[in-house]
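Hello,

Please find the structure we discussed below. My notes on the ligand site follow it.

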Amino acid sequence: MAKSISLTRYLVEQQRVDGLIPSQLRLLLEVVARACKSISHAVNKGALGGVLGTANSENVQGEIQKKLDIIANEVLIEANEWGGHLAAMASEEMDGIYLVPNRYPQGEYLLLFDPLDGSSNIDVNVSIGTIFSVLKKPDGDRGVEEGDFLQPGHQQVAAGYCVYGPQTTLVLTVGDGVAMFTLDREQGSFVLTEENVRIPEDTKEFAINMSNMRHWDEPVKRYIDECLQGKEGPRGKDFNMRWIASMVADVHRILTRGGVFMYPWDKREPNKPGKLRLMYEANPMGWLVEQAGGAATNGKQRILDIQPTQLHERVSVILGSKNEVDRVTSYHSTL
Ligand code: AHG
Ligand code: MN
Ligand code: MN
């Protein structure tokens, strides 16, 4: 039987062979993976660990926090603050940036995360996850400021997510394709289970919250309407729909078998560009999808080229199988 390759070995070999992973970045990714392991254990305990339910607090975006949102946030901070690889962190669950305390050495990386994605699925035992993005701190000796995080997604040096589903799977890119690692609970380590992940360019599957249809813009309405017409319509084929309401789980399905995922701008809150957050949801997922041969746009522009202006900025998201994303994007320029 072929030897199993742990995440540690994979990262060491990437560092050695491709020089893609400096040692501080390798340490950072190992620490994030360790934090995900511990979040996975908390998720698995569920009611037995007293982790279900709401926490009686709101985050900066006005969303009610779940207990696990807060636990996952704390696990990620505690795991990452002392190792010397980071200068600062930012999270969906914290208003401002979190500077590594002075008592610890400062590293050269910035870490952003959505500690628990798919919060509405926690209590109903449906897949949820953690999303993360790593940026380089701009050069210079001054302290880190929020503005240092406002880098377009194409400047990410690593990105990934961990999905807590029937299996716990960590999915990672450092700019050299996408690799998947499954948590082996007996060994306590992530084991490489898929390399060079590729998203098929064509698909018959779309993911969108259909209950918002009446609020969508014309290009998205047109695209979905054509899919719904199936074999008899202009697309000449039947489509299937999936909506898990955890971006992590929807993107994981797309990386596994293709599909297109959309959370577009809609008229409910016309001043917000969308629901999902650019810095710690759309950018890392957009890069992973591109690295697997897919595409990610906001309907008008590549997600990774958007210049962020705020830490918690929102964005319209269309990502997945390349030909479908190109089609939806082209509808935005013709309508
Ligand atoms: P979060 O739990 O981190 O706030 O993110 C939830 C997001 C995303 O994961 C999912 O695709 C979407 O919200 C679901 O939204 P609806 O409940 O509107 O379907
Ligand atoms: Mn989220
Ligand atoms: Mn979240």
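The shell around ligand 1 is made up of seven nonpolar, four polar and seven charged residues (Ala, Val, Leu, Ile, Met, Phe, Trp, Tyr, Cys and Pro count as nonpolar, Asp, Glu, Lys and Arg as charged, and the others, Gly among them, as polar). This is a predicted model, in which local features need pLDDT of at least 70 and side-chain atom pairs count only at pLDDT 80 or more, while totals for chains, interfaces and linings use all residues. Residues are numbered from 1 along each chain as written, ligands are numbered from 1 in the order written, and side-chain values use heavy atoms, without hydrogens and water.

In total, 18 residues surround ligand 1 (a heavy atom within 4 Å). The closest are Asp-117, Ser-119, Asn-209, Met-247 and Tyr-263. β5 gives the largest share of the shell, three residues (strands are DSSP E runs of at least two residues, numbered from the N terminus). Domain 1 (7-194) and domain 2 (205-333) each supply at least three shell residues; the bounds come from an automatic or database domain assignment.

Polar contacts are pairs of N or O atoms within 3.5 Å. Oxygen atoms of ligand 1 lie 2.9 Å from a side-chain N or O atom of Trp-243 and 2.9 Å from one of Lys-275. A backbone N or O atom of Leu-116 is 3.4 Å from a ligand 1 oxygen. Taken alone, ligand 1 exposes 480 Å², of which the protein buries 87% (Shrake-Rupley method, 1.4 Å probe).

Regards

Conventions: A polar contact is a pair of N or O atoms within 3.5 Å; within protein, one must be able to donate a hydrogen and the other to accept it, and residues adjacent in sequence count only if both atoms are side-chain atoms. Helices (H or I, at least four residues) and strands (E, at least two) are DSSP runs, numbered from the N terminus.
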